[in-house]
Amino acid sequence: MIKDDCIFCKLANGVFPTNKIYENEDFTVILDAAPAAKGHALILPKQHSDNLYELPDETAAKVLPVAKKIANAMKEVFHCDGVNVQQNNEAAAGQSVFHFHVHVIPRFRKDGISLLWKPGKPSDEEQAETCKLLKDALQ
C-alpha cells in the first residue's frame, strides 16, 4: 500500500525528486535531507508501514541486506571508521516521519555525533524479572 499523504511514500516511489543512491523492487535509498554526517542515507520501503510493528516479515527480511550494501559502499567511499544502522519507532524513540525507514550513517572517531546512551546498572533480580516478562510475552 502507498499512502497518499505520506512524504516517504512519495519519495520512495519517485513522486518527488530525491538524491537517490540505490533502488531495487522493494526499496529506494536516498540521502537524508538533514544529515547527521556526510553520506547519511535513508532506506525507504516502497510500500507503506507506519513502523516496525506493522512491517511485513518479508520486507523486514529484505531490509538488512540493503543496509549492508549501503554500509559497505560508505566504507569504500568515505573510508569511515564505522557505520550506524538505526531505526526508530514512535515519537518517544525519535521517529518523526511515520513510514518505516532505516538510517545508515557513516561515522568517524571523534565526529561529535551522539547516538549513544548512558548504560544502566540493573540488579541481577531486575534482569531476571525483565527476562521472564519478555520470554512470557514471546510465548
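**Notebook: salt bridges, hairpin and pocket**

I began with Asp136, which is partly exposed, with a relative accessible area of 42%. For this term I took buried as under 20% relative accessible area, exposed as over 50%, and partly exposed as in between (1.4 Å probe, protein chains only).

I noted that this is a predicted model, in which local features need pLDDT of at least 70 and side-chain atom pairs count only at pLDDT 80 or more, while totals for chains, interfaces and linings use all residues. Residues are numbered from 1 along each chain as its sequence is written, and side-chain values use heavy atoms, with hydrogens and water left out.

**Entry 1: helix 3**

I looked up the partner of Asp136 and found a salt bridge to Lys132 at 2.7 Å, N to O. I counted as a salt bridge a side-chain nitrogen of Lys or Arg within 4 Å of a carboxyl oxygen of Asp or Glu. Lys132 and Asp136 are four residues apart in helix 3, so about one helical turn separates them. Lys132 is partly exposed, at 47% relative accessible area.

I also located Cys131 in helix 3, residues 124-138. Helices (H or I, at least four residues) and strands (E, at least two) are DSSP runs, numbered from the N terminus. Cys131 counts as partly exposed because its relative accessibility is 37%. I then checked Cys131 against Glu58: they lie 73 residues apart in sequence and 28 Å apart in space, C-alpha to C-alpha.

**Entry 2: the salt-bridge network**

I searched the whole structure and found six salt bridges. Side chains of opposite charge can pair when their charged atoms come close. Which residues are linked with Lys20 in a network of salt bridges? I found Glu23 and Lys46 in that network.

Lys20 pairs with Glu23, with 2.7 Å between the closest N and O atoms. Lys20 is partly exposed at 45% relative accessibility, and Glu23 is partly exposed at 38%. For the salt bridge between Glu23 and Lys46, I recorded 2.8 Å between the closest N and O atoms. Glu23 lies in strand 1 and Lys46 in the loop between strand 3 (41-45) and helix 2, so this pair ties together parts that are 23 residues apart in sequence. Lys46 counts as buried because its relative accessibility is 13%.

**Entry 3: the hairpin**

I followed strand 1 to strand 2 (residues 27-31); the two run antiparallel and are joined by three bridges. Two strands pair if DSSP finds at least two bridges between them. Three residues lie between strand 1 and strand 2 in this hairpin. Tyr22 has Val29 of strand 2 as its bridge partner.

**Entry 4: the largest pocket**

I examined the largest pocket, which holds about 160 Å³ of space. On a 1 Å grid over the protein atoms alone, a pocket is an open set of points where a 1.4 Å probe fits, with protein on both sides within 12 Å along at least five of seven lines; lining residues have an atom within 4 Å of a point. The volume is the space filled by probe spheres set on the points, which are joined across faces, edges and corners.

Which element gives the largest share of the lining of the largest pocket? Helix 2 does, with six residues. Among the lining residues I listed Tyr22, Leu31, Lys69 and Phe78.
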